Amino acid sequence: MFRGGEEIVSGESEEESNGINLMEFSDEILLHILSYVPCTDLVLNVRRTCRKLATLCLDKSLTHTVLLQKDYKVNKDKVKQLMRDIGKEIYQLNMAGCYWLPSSTIDHVTRCKNLVKLNLSGCHVTSLRLSKMLSTLQHLRSLAIDVNPGFDASQLSSECKATLSRVSELKQTLYTPSYGVVPCCTSLEKLLLYFEILDRSREGFMLSGQLMVGESNVPHYQNLRVFYARLAPGYVNQEVVRLYLAVLSDRTPENLHAFLISAPGSFAETGATKNLLDSMARNVRLDALQLPKAWINGSGLLQHLKFNNPFYFSFSRCTLSGGHLIQRVINGGKDLKSLTSLNLSGCVHCLAPESLFRKAEDDIDSSILESLVMSCCNLRHLNLSAAHHHSSESIGNHLCQLLSRLKHLLSLALPVCSITDVAANVEKPPTASNLVPQTFGRKVRIGIQTYPRNLSELVNQKIDSSVFWALLRSLRFLETLEIIGSSFSSAMPRNEPAIRNSLPPCVRAQSVGDSEVAAISQLTYLQSLTLAQLPNIITGSGLINIGLECQHLRTLSLANLGMMGKVAYMSALMDMLKHCKCLRDLRLEQPYFCAGAQFFQALSHCSSLQRLCIVSRSGTLQSDAVMSFMANCLEVIMCHMFMGESLTVCKNLQQSIVRRCGGTGGFGSQKSLEPIWGEETGFSCGVVLEDGVYTGCGDGSLGIKSPASHWWLKA
């Protein structure tokens, strides 16, 4: 329709020359095509091309929901024009993370008189501006905001409080100790709380988590059905969330069916929280449950809680034994077909009959896993990472063979030692190299094993007969896969305990290498892949197969593969990246990683790449290569590089990128990048360009979530 910014009106268009005219398609097909175009483009550009599109672009199916999140080309003027043209037609508006828009942009939301759902997470909104905006949105039922220092609920007008009294769903991200707007939301059914409060202010003063008890509005929680709280590390976050829970413990909502608390590290149980859990055991029937490990370990809580049709359980890092799992959670094989998500990450004893006296090298009890698979046959998300799960020599009872019965799995996280064949771990006879006599003659040069570079050759070597190959063959629709060493700990974790190396390295994991990685290429619909601490990676040839076959891959995380002193898989990684056209997020954590010209040239083939993170002790980079990469990949909006370069090199490179991205001309005038330094990491800080969302800023993580908790964002 457009060529060089001009409308095609000539009959000699390319479509007509081929006998195809887009305008001859039915309205239904055209509406489906237009649904993939950002709403700002539809309203401000596409609808001006012809009369037919002018009508279709304003169809209610396209203007009902407006997503400005991650639409980095939107500015204040475009938002103003958009609200002026279709403001009354918008029912759902998502501006989450639009950090580059000035605060005054929020004022234009008042034109959306019929707005039902509004997401302003990541946008700086003052109390007065929020009051003015909400006073005009009388139909609002769902709200997401940030509560920053300086927020004052007393500045909210009576009209604003009337709107908040009708809100049934609230998401609050707290950067300061506060109840936010919760006391005004008297009809809440769903409350999502994200605690990101620092223990100290920017000036270095200790913060207090004490709040006014009278502001809590105890009776207003009686309609609550869902309570979710996610805590960042810090003592103040724990203190503030306890005040919210104290309100619930006084009078537990009878309709509560989902109670989820995600807390890193140690979060001790108090008298108030114990009263809350006791009250929940007496009065409610839950569908979803997630609690801090200290609240479950050593207590009979699970024995007393009642469940209706549970769909989500998380027992991450709990000392739950297999016997308790079977008896208390699935009641000895009770039908749990409703359960779709189960997180047993870090549950070292969950597949053993008892938690006492179990060693890491002991085999799992296959009957426990078999009971779990049979009872929860509709699982879509399963996390068994951060533990040793060793299968016995019994035929048909291998962990991979049992998991292959879960035909509905969409995401799966496993420890490296769980995917090895038992036969491959038996003690092997001495190899020929060990039989060479030690003489003073000419030295015998022993080379590394060579691996084929394509999938067909691997199959011919009957590698596909392994249990891991068979598992992935049966899970063809898997979208997220994580294979992580049981003793792996990231150099830059976000929500991890202070002491993370609680498990010893695993001997069985030593046999997992290139052939197992090649097996992943069977997953045609794979979208997210995490591989961490695979010690037997020699050439990385399996990565090439993944790049060729997994064309939907959008998120890739690789950490500590092969020998730590050398990045032996670099050549294969560069070959892989040339085929990853849909890749958006890439995270590499490897010591001595050389981010040179060849690497960034290969990375430039990833035309959809948006976020890049490299964490490498003693790593090196080439500034010119980084600049060339940023010029070729115009979609990149976040670049984290924690390398071993000097502070001077890092600052110069960062200034060059910011100048080229933010100034006139250059390769990224549409980018909006903000420099954020992270000296607290202990590295010579590299280039850190962030897209405004602080999750992951301090640790180099990408801030990406998946149903199976990623190793850089475990809670």
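Predicted model: local features only at pLDDT ≥ 70, side-chain atom pairs only at ≥ 80, totals over all residues.

User: Let's start with helix H9. How many Å should its 16 residues span?

Analyst: The idea is to take 1.5 Å a residue and compare the result with the ends of the helix.

User: On to charges. How many salt bridges does a search of the whole structure find?

Analyst: The search finds 10. With each one, look at where the partners sit in the chain and how exposed they are. Take Asp27 and Lys52, whose side chains meet at 3.8 Å, N to O. Asp27 belongs to helix H2 (residues 27-34) and Lys52 to helix H4 (residues 51-56), so this pair ties together parts that are 25 residues apart in sequence. Asp27 is partly exposed at 36% relative accessibility, and Lys52 counts as partly exposed too, at 30%.

User: What about Glu196 and Arg230: buried or exposed?

Analyst: Both are buried. Their salt bridge has an N to O distance of 3.2 Å. This pair links distant parts of the chain, 34 residues apart: Glu196 is in the loop between strands S8 and S9, while Arg230 is in S9.

User: Where do Lys274 and Asp278 lie?

Analyst: Both are in helix H10 (residues 271-283), four residues apart, or about one turn of the helix. Lys274 is partly exposed at 45% relative accessibility, as is Asp278 at 32%.

User: Now the rings. How many aromatic pairs does the structure hold?

Analyst: There are 12. For a ring pair, read the centre distance together with the angle between the planes. Phe593 and Phe599 are edge-to-face, with 5.1 Å centre to centre and 85° between the planes. Phe600 and Phe629 are tilted instead, at 5.4 Å and 40°. Because Phe600 is in helix H21 and Phe629 in helix H22, that pair ties together parts 29 residues apart in sequence. Both Phe600 and Phe629 are buried.

User: Which residues do ring pairs link into a cluster?

Analyst: Phe593, Phe599, Phe600 and Phe629. Phe593 is buried at 1% relative accessibility, and Phe599 is buried at 1% as well.

User: Which residue lies over the face of Tyr194?

Analyst: That's Lys171, at 4.9 Å from the ring centre.

Conventions
Residues numbered from 1 in each chain as written. Heavy atoms only, no water. Helix = DSSP H or I, 4+ residues; strand = E, 2+ residues; numbered from the N terminus. Expected span 1.5 Å × (residues − 1). Salt bridge = Lys/Arg side-chain N within 4 Å of Asp/Glu carboxyl O. Buried < 20%, exposed > 50% of the residue type's maximum accessible area, 1.4 Å probe, protein only. Phe/Tyr/Trp six-rings, centres within 6.5 Å; stacked < 30°, edge-to-face > 60°. Lys NZ or Arg CZ within 6 Å of the ring centre and 35° of its normal.
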